[in-house]
Amino acid sequence: MKVELIAYTPTAAGVCCDAAAICTASDNGYRSLQHSLASGHESVLEHAVFTFRVEGISRVTLAQLTRHRLASFSVQSQRYVKLDNPELVIPESIRNSSFFAEAQSSMRYMLNLYERMMEAGIPAEDARYVTPQAVPTSLIVTMNVRELRHFFSLRCCNRAQWEIRQLADEMLKLCRKAAPTLFENAGPGCVQGGCPEKKSCGHPRSKAEWDK
Ligand SMILES: Cc1cc2nc3c(=O)[nH]c(=O)nc-3n(C[C@H](O)[C@H](O)[C@H](O)COP(=O)(O)OP(=O)(O)OC[C@H]3O[C@@H](n4cnc5c(N)ncnc54)[C@H](O)[C@@H]3O)c2cc1C
């Protein structure tokens with residue numbers, strides 16, 4: 001997968017600091033922001049947004065990503081854009097198993113059927129029904145900082161599926177570089193001071209992972 005941060009609110013941290021400071025007529029925006037975040041007054045984080053271009057994620061991950069309702073999405077259309085020899089997203093567990101060859105040839109068979117159906121006049125919007133969830137897609141996603149931090153808390157967790165975790169990890173790395181103040185404490189429960197999972201994975205993550 002390829003993940004790029006293509007735009008974000010200039011002085012994102014400053015905007016959120018201003019939002020926090022105005023609430024209490026404070027002249028110290030940074031301290032106000034820390035105080036707001038500590039007390040759960042997170043709406044101040046909604047004034048800055050980050051936009052990413054994401055390429056090469058599976059339809060499985062697209063479905064998981066778009067469950068996040070407070071984000072904006074523009075996804076490549078399967079009605080107007082035909083799949084052209086797509087690079088399938090195949091999990092390691094399948095790649096390293098005795099099912100790999102069979103899985104790959106079954107998916108290639110369905111993609112070949114997709115091509116033949118379109119050649120026979122079936123529109124792409126209908127032919128796509130036979131394509132596997134492993135086909136890649138591309139999209140632009142925009143989230144505000146509050147939603148991003150929420151997304152990272154769920155999807156950077158070891159309990160999230162590997163592909164959306166990989167996507168969330170890449171996004172968090174980019175956010176930490178662009179606006180360290182806003183994402184210093186972002187990530188799953190284990191990096192925020194405590195795992196909220198009933199069944200912890202037992203492998204707490206470290207913030208350093210997102211600074212590589
Ligand atoms: C490990 C894991 C396993 C999952 N398994 C399943 C599963 O088996 N089946 C399944 O269907 N989904 C599953 N999900 C998806 C999950 O239920 C959520 O739909 C998804 O994580 C989006 O999270 P959200 O609703 O908190 O966030 P967002 O949609 O990003 O919303 C952010 C926050 O805004 C608030 N909010 C948004 N919309 C509303 C609303 N309508 N009413 C009240 N508050 C709102 C909530 O506080 C919410 O947390 C899973 C998610 C994870 C991380």
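Modeller: Thr-51 is set opposite Thr-142 in β4. This is one of the positions along β2 and β4, two antiparallel strands joined by nine bridges. Residues 49-58 make up β2, and residues 136-144 make up β4. Elements here are DSSP runs numbered from the N terminus, helices being H or I with at least four residues and strands being E with at least two. Two strands count as paired if DSSP finds at least two bridges between them. Another position in this pairing has Ile-57 opposite Thr-137 in β4.

The model is predicted: local features need pLDDT of at least 70 and side-chain atom pairs pLDDT 80 or more, while totals for chains, interfaces and linings use all residues. Residue numbers start from 1 along each chain as its sequence is written.

On β1, β2 has a further antiparallel partner, with six bridges between them. Val-3 stands opposite Val-54 in β2, and Tyr-8 has Phe-50 of β2 as its bridge partner. β3 and β4 are likewise antiparallel, joined by five bridges; here Ser-74 is opposite Ile-140 in β4. Put together, the four strands form an open sheet in the order β1-β2-β4-β3, with antiparallel pairing. β1 (2-8) and β3 (71-75) each have a single partner strand and stand at the edges, so one side of each has no neighbour in the sheet. On average, neighbouring strands are turned by 20 degrees against each other, direction ignored. Strands of a sheet pair through backbone hydrogen bonds, in parallel or antiparallel fashion.

Helix α8, residues 162-178, lies across β1 and β2 and runs at about 40 degrees to β1. For such angles, axes are lines fitted to C-alpha atoms, for helices over the stretch in contact, and the values run from 0 to 180 degrees between N-to-C directions. Contact between two residues requires their C-beta atoms, placed from the backbone, to lie within 7 Å.

Elsewhere, helix α1 (residues 12-23) and helix α2 (residues 29-38) have axes that come within 7 Å and cross at roughly 80 degrees. The two helices are therefore roughly perpendicular to each other, a label for angles of 65 to 115 degrees, with under 35 counting as roughly parallel, over 145 as roughly antiparallel and the rest as oblique. Among the α1 residues in this contact are Cys-16, Cys-17 and Asp-18, and the α2 residues include Tyr-30 and Leu-33.

The ligand has around it Arg-67, His-68, Arg-69, Leu-70, Glu-147, His-150, Leu-154, Arg-159 and Ala-160. The cut-off for being near a molecule is a C-beta atom, placed from the backbone, within 6 Å of it.

As for the whole protein, it has ten helices and four strands. An automatic or database domain assignment divides it into domain 1 (2-74 + 137-192) and domain 2 (90-130). The C-alpha centres of domain 1 and domain 2 are 34 Å apart. The C-alpha trace spans about 70 × 40 × 30 Å along its principal axes.
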